[in-house]
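Work through the exercises below with the sequence and the 3D view open. Try each task before reading its solution.

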Amino acid sequence: MTHPQLRYYDFGEGVAAFSSTRRGGYSKGNYGEFNINRYCGDDPQAIAQNREALCRLLGISDDRLVMPHQVHLTEVAIIDEAFLKLTADEQQQRLEGVDALMTDVSRLCIGVSTADCIPVLLYDPEHQAVCAIHAGWRGTVQRIVEVAIDKMKKVYGSQPQSIKAQIGPGISLDSFEVGDEVYEAFAKAGFEMPQITRRDVKWHIDLPMCNRLQLETVGVPSHQISVAPDCTFKQPETWFSARRLGIQSGRIYTGIMLK
């Protein structure tokens with residue numbers, strides 16, 4: 001029996017948090033082996049088998065494994081008991097155009113899909129709430145991490161000083177080469193450019209650092225922020241990279257679940 005090979009993160013006993021690697025699934029070629037993203041061209045049967053294997057590992061049913069259809073904006077969806085009572089079609093409509101999910105429902109895995117973009121997981125132990133964020137460069141410029149934490153405040157009463165954060169595997173400063181228009185977008189958005197950029201032939205931007213700085217800016221203590229050391233572009237044997245493989249390829253699923 002095939003088991004997805006996951007990178008686990010330590011948020012404490014009451015939480016399961018992880019990023020899927022490429023290993024331990026049923027997909028082939030540029031989707032091989034483990035991919036559950038329905039929007040990147042993979043074989044639906046392989047996706048279904050991969051979802052089944054992940055749910056078996058997590059000890060949940062398929063309807064409690066949730067992933068949005070991301071569009072690089074800042075919409076945050078609340079996954080609550082009312083959401084779970086919707087039909088599958090209604091749930092899918094609710095997940096369209098969403099780039100972050102949050103919940104306080106236990107035994108429900110929420111997650112986001114990436115392949116060079118930055119996944120960010122948040123856990124509020126005080127109010128038992130979690131959040132999964134997709135922060136590509138466009139979402140990062142629009143400060144999606146700050147948007148998500150503000151929504152956690154309003155919905156759950158979360159306070160940034162209590163939040164624990166994990167920044168998952170994404171493209172590194174070395175590998176994220178960008179044009180002048182991307183540099184200008186970050187500069188216009190008020191980022192401290194000397195802190196997040198480097199230039200050789202082209203500009204390079206440090207997306208993990210950009211998101212770490214957002215967490216710190218809103219008050220998440222630095223010692224409660226962990227950053228995965230991986231670069232998806234440099235480690236294609238472990239992680240999917242759209243820059244290396246093209247957009248017709250698999251995606252990493254970074255998920256979090258209250259036990």
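**Exercise 1.** Find the residue whose side chain makes a polar contact with the side chain of S113, and give the distance.

Solution. The side chains of S113 and N37 are joined by a polar contact of 2.7 Å. A polar contact is a pair of N or O atoms within 3.5 Å; within protein, one must be able to donate a hydrogen and the other to accept it, and residues adjacent in sequence count only if both atoms are side-chain atoms. This is a predicted model, in which local features need pLDDT of at least 70 and side-chain atom pairs count only at pLDDT 80 or more, while totals for chains, interfaces and linings use all residues. Residues are numbered from 1 along each chain as its sequence is written, and side-chain values use heavy atoms, with hydrogens and water left out.

Helices (H or I, at least four residues) and strands (E, at least two) are DSSP runs, numbered from the N terminus. S113 has a relative accessible area of 6% and is therefore buried (under 20%; exposed is over 50%, partly exposed in between, with a 1.4 Å probe and protein chains only). Finally, list its contacts (heavy atoms within 4.5 Å): beyond its neighbours within four places in sequence, S113 touches N37, M67, Q70, H134, R251 and I252.

**Exercise 2.** Work out the strand order of the open sheet that 6 strands form.

Solution. Two strands pair if DSSP finds at least two bridges between them.

- Strand β4 (residues 76-78) runs parallel to β5, with 3 bridges; A77 is the bridge partner of L101 in β5.
- β5 and strand β8 (residues 129-135) are antiparallel, with 4 bridges; T103 is partnered by V130 in β8.
- Strand β7 (residues 118-124) and strand β9 (residues 164-167) are antiparallel over 4 bridges, and Y123 is opposite K164 in β9.
- β9 and strand β13 (residues 225-227) are parallel, with 3 bridges; I167 is opposite V227 in β13.

The order is β4-β5-β8-β7-β9-β13, with mixed pairing. Because β4 and β13 each have a single partner strand, they stand at the edges, and one side of each has no neighbour in the sheet.

**Exercise 3.** Describe how helix α5 (residues 144-156) packs against helix α8 (residues 207-217).

Solution. Start with the geometry: the angle is about 35 degrees and the axes are 8 Å apart. Axes are lines fitted to C-alpha atoms, for helices over the stretch in contact, and angles run from 0 to 180 degrees between N-to-C directions. Then list the residues: I144, V145, E146 and I149 of α5 meet N211, Q214 and L215 of α8.

**Exercise 4.** V220 is in the loop between α8 and β13. Is V220 buried or exposed, and which residues does V220 contact?

Solution. With a relative accessible area of 2%, V220 is buried. Leaving aside neighbours within four places in sequence, the contacts of V220 are I149, P160, I163, L215 and I225. Two of these residues, I149 and L215, also take part in the meeting of α5 and α8. For a distance check, V220 and Q159 are 61 residues apart in sequence but 8.5 Å apart in space, C-alpha to C-alpha.
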